[in-house]
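Thanks for coming. I have one model to go through today, so please look at the screen and follow along.

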Amino acid sequence: MWRRLLLVGLTAGMAVLSAGAVLADGLAGVWLTAGSESQIEIAPCGDAYCGRVLAVFKPADPKNPEGKDINNPNPALRNQTVVGSTILWNLKPGGDANVWEGSVYNPEDGRVYAVTLTLKGDKLEVEGCMALVLCDSQMWTRVQPPSESGPLSLQPQAPAPQ
């Protein structure tokens, strides 16, 4: 009797652990932002997840057609393009199996916000908050899952020359 109970407990524990690993890997991939404005790649980086801009389809500012990070608080970084830059970092599990919390940089205003990502199938709810009171959210759509040949890599990359 005890052996059977132990076997059932171990089997259930393994199922929970493997389900958690599948859900964690579900965050990695390429996501199309709301309004089809840009693509963001999310991948493991260290002990968390990070996200970088892969492409910008609709520039936010017509006065900045090159897509430079002109609102960056660091003047030395304002001449770099937004494409290739990391905008999500330190994304770690947030209590629920489908929730991650971390930080997001918004190139449109040059500010960093607390962010919560909630995975809903092939949709990702992205909620950024300032001072835990002023929050805004949008829904992103998965356009590419992680590669079967290995995880996506978020090694620093220089933007392509214009």
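Cys 129 and Cys 135 form a disulfide, with 2.0 Å between their sulfur atoms; a disulfide here is a pair of cysteine sulfur atoms within 2.5 Å. The model is a predicted one, where local features need pLDDT of at least 70 and side-chain atom pairs count only at pLDDT 80 or more, while totals for chains, interfaces and linings use all residues. Residues are numbered from 1 along each chain as its sequence is written, and side-chain values use heavy atoms, with hydrogens and water left out.

The link of Cys 129 and Cys 135 is right-handed, with 115° about the S-S bond. Which of its ends is buried? Burial goes by relative accessible area: under 20% is buried, over 50% is exposed, and anything in between is partly exposed, with a 1.4 Å probe and protein chains only. Cys 129 has a relative accessible area of 13% and is therefore buried. Cys 135 counts as partly exposed because its relative accessibility is 37%.

The disulfide count comes to 2. Cys 45 and Cys 50 form a disulfide as well, with their sulfur atoms 1.8 Å apart. The link of Cys 45 and Cys 50 is right-handed, at 65° about the S-S bond. Cys 45, at 22% relative accessibility, counts as partly exposed, and Cys 50, at 10%, counts as buried. Number the bonded cysteines of the protein chain in sequence order and the pairing reads 1-2, 3-4.

Now the fold. The protein chain has 1 helix and 8 strands. Both kinds of element are DSSP runs numbered from the N terminus: helices are H or I with at least four residues, strands are E with at least two. Along the sequence the pattern is α-β-β-β-β-β-β-β-β.

How do the 8 strands close up, and in what order? They form a barrel in the order β1-β2-β3-β4-β5-β6-β7-β8, with antiparallel pairing. From one strand to the next the twist averages 30°; the axes behind that angle are lines fitted to C-alpha atoms, for helices over the stretch in contact, and angles run from 0 to 180 degrees between N-to-C directions.

Take β1 and its partners. Strand β1, residues 29–32, pairs in the antiparallel sense with β2, residues 38–45, over 4 bridges; two strands pair if DSSP finds at least two bridges between them. β1 and β2 make a hairpin with 5 residues between them, and Gly 35 in the turn has a positive phi of about 75°. β1 is also joined to β8, residues 134–144, by 3 bridges, again antiparallel. Trp 31 shows both pairings: it stands opposite Ile 40 in β2 and opposite Arg 142 in β8.

Next along, β2 and β3 run antiparallel and are joined by 8 bridges. In that pair, Pro 44 stands opposite Tyr 49 in β3. As a reminder, side chains in a regular strand alternate between the two faces of the sheet.

β3, residues 48–56, also holds Arg 52. Is Arg 52 buried or exposed? Arg 52 is buried, because its relative accessible area is 9%. The side chains of Arg 52 and Glu 41 are joined by a polar contact of 2.6 Å. A polar contact is a pair of N or O atoms within 3.5 Å; within protein, one must be able to donate a hydrogen and the other to accept it, and residues adjacent in sequence count only if both atoms are side-chain atoms.

Between β3 and β4 there is a loop, and Asn 72 is found there. Asn 72 counts as buried, at 8% relative accessibility. Its side chain makes a polar contact of 2.8 Å with the side chain of Asp 69. A polar atom of the Asn 72 side chain also lies 2.8 Å from the backbone nitrogen of Asn 74. Leaving aside neighbours within four places in sequence, Asn 72 is in contact, meaning heavy atoms within 4.5 Å, with Leu 77, Arg 78 and Tyr 105.

Last, the core. The largest nonpolar core has 21 residues, and those with the most contacts inside it are Ile 42, Leu 88, Leu 117, Leu 124 and Trp 140. Such a core is a set of buried Ala, Val, Leu, Ile, Met, Phe, Trp, Tyr and Cys residues joined through side-chain atoms within 4.5 Å. β6 gives the largest share of this core, 4 residues. Across the protein chain, buried residues make up 30% of the 162 residues.
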